[in-house]
Amino acid sequence: MQRYSAETDHPETNTIGHGAAVAIDASATRDADTPAAATVSTAIADVILARADHVFGLVGNANSHVVSHLTSRGFPYTSTRHEAGAVAAADAFFRAGGGIAVATTTCGAGFTNTITALAEAKAARVPMVYVTGSAPAAGARHFDLNQAGLLDALGIDHFTPTPETAAADAHAAFALAQTHQEPVVLLLPFDLQTAPLVDGGDVLSRPELLRPAHATPTRPMSDGLRADLAGVADALASARRPLILSGRGVVRAGVADDVAALGDRIGALHMHSAMARNVVGGPWCMGTAGGFTHRAHVPIARDADVVLVLGASFNAHQVRGGSLFSPDATVIHLTLEEHPSSREVDVRVLCDLASVMPVLDELVAERLADSDGTTTAGPDAAVISPTAPRRTWRDELGALPPAEDPVTQPELFHERGADGRLDPRAALRELDRILPKRRTVCTDGGHFLGWVPMYLDSPDPRAQVLVGTAIQTIGLGFPTAIGVAAARPDDYTVLVTGDGGGLMALSDAETVFRTVRRGAVVVMNDAAYGAELHQYRAEGLDTASMVIDDVDFAAVGRSFGARGVTVADMSDFARVSELLDDDPSGVIVIDVKISREVIADFISEVLKKQ
């Protein structure tokens, strides 16, 4: 990734430490010849130039100076059409592997428009620096809001830059966001935007945020940790049916190969979280854990006697509402930091996977070696007499059954639902076949989401981006595609949205058509708020409010200059193939008219409990 600076390069190692010092040397981003009139806005922008790769924003009267300083230097900046879109696009940029998320908007309503997207980024542990205006330092106006109070309610850390603190606060925001993997906000007072810096702006305004007690532990190896790992190794070595569930922590720590090797050693099956798709693939991987798990694999997961969860939050979604694993299974959770939504487990070890995985593998190997042979006394030395080879769960299974079988599960292979509209599973299978294979798949939230990870493949963990799942939002889909395309410009960007969320996010449809070089917007259009329709129809509620007029999204796409195809019959996909073969560049809108009568598994699980 290229790094920008105002005059000189800023070293990546210049981050906030955990010592007593609170002043930060921000001079690395300013040349000695920088005019003395450097301002609060230029100081913040210079830090962004040095420490980020892209900014997503919408300008207003409280952030225009910052944005101007960035764009005048050619820094990559994408203008969205809604403030929530700026934050959601930045979030998706990070999730797709583009680097730290950075967004900016104006104050007041510009700030409040971002609250949902900010809350999602907080819940999903996305490192983000969000620069927004705030009330004047000289005193709030009648229309100003207590933005700091709103952030406090969300549990989001924030700094208020001043002429004395602007540079230090900006550096601190980046350091804190990256250390804690969460959003941090710079609240730029409206009347201080062009205020000259005082003494370089190198004093930190809120040192308490950087004290060791607030910092995420590095969790170095210790005798206590090694003892905990010994217990984990005992459980894994003695397990008859071990299963490993890998999350984003495995991706972040770069230990996928170590996890795969451990799985091979103990004959484990694998699953992954939605944020770590295919991190450990191969013939023994059953795909995404939770409501996205194929039905044929659910009984196998429930047979596991030891479940090792690595770097995943292990929330209710990942355990299919608590039904994915047997209550008799021993669940062991290895994670850097316990997430508030984590489920109860039998053993939880807080650790750094990068340092732990080699040690754990070694401990397991020692235990398996002891169990694979018996020591007898010989005339000169001990002799190892091998016993029968250890039989693993993989040996018992021979191979995983197909995720879906048209012979035993014909109901999964219908082309249409009971109402005559297309079965979403058939539609997504066909899209998986005809869309370019080098792709990144991103989604909005909604009922349709229950099928996307199951039927629309993506090649690596960063190539599946599900913004909105952490707090169950809809309406962030279009801006998600913006961030994904910026992070992975060489991939074919595939956005899958529902009609309800698509209409909610329509303000940034234009941004998608303007900025995405190659991609598709797939609208899974059931003319309804599907999740609500299925849940509350079962409770006997009137569903009139849950139905949407059948919008022609293909025509909407054409009105913005994109190509559009309406798919009401499986044969209509031939037209999509023709357009892709003729010219894969640009964006194509595929309006798929899907059935309201086909229910996703994650909703079915809810209905079973009612």
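Colleague: In this predicted model, over how many bridges do strand 18 and strand 20 pair?

Modeller: Strand 20 covers residues 586-593, and strand 18 covers residues 518-525. The two strands pair in the parallel sense. The number of bridges over which they do so is eight.

Colleague: Which residue in strand 20 is the bridge partner of Val523?

Modeller: Val523 belongs to strand 18, which pairs with strand 20. On another side of the pairing pattern, strand 17 (residues 492-498) runs parallel to strand 18 and is joined to it by six bridges; there, Thr497 stands opposite Val523. In strand 20, the partner of Val523 is Asp591.

Colleague: How many of the eight residues of strand 18 are buried?

Modeller: A residue counts as buried when its relative accessible area is under 20%. In the protein, 56% of the 610 residues are buried. Strand 18 is mostly covered, and its count of buried residues is seven.

Colleague: Which element gives the most to the lining of the second largest pocket?

Modeller: This pocket holds about 310 Å³ of space and is lined by 19 residues. Strand 9 (285-288), helix 14 (424-434) and helix 15 (452-455) each supply at least two residues of the lining. With four residues, the element that gives the most is strand 9.

Colleague: How many residues of that lining are charged?

Modeller: Arg277, His294, Ala403, Pro453 and Met454 are the lining residues nearest the centre of the pocket. Of these, Arg277 belongs to a type that counts as charged. In the lining as a whole, eight residues are nonpolar and six are polar, while the number of charged residues is five.

Notes
Residues numbered from 1 in each chain as written. Predicted model: local features only at pLDDT ≥ 70, side-chain atom pairs only at ≥ 80, totals over all residues. Heavy atoms only, no water. Buried < 20%, exposed > 50% of the residue type's maximum accessible area, 1.4 Å probe, protein only. Pairing = 2+ DSSP bridges. 1 Å grid on protein atoms, 1.4 Å probe; cavity = no way out; pocket = protein on both sides within 12 Å on 5 of 7 lines; lining within 4 Å. Points joined across faces, edges and corners; volume = space filled by probe spheres on them.
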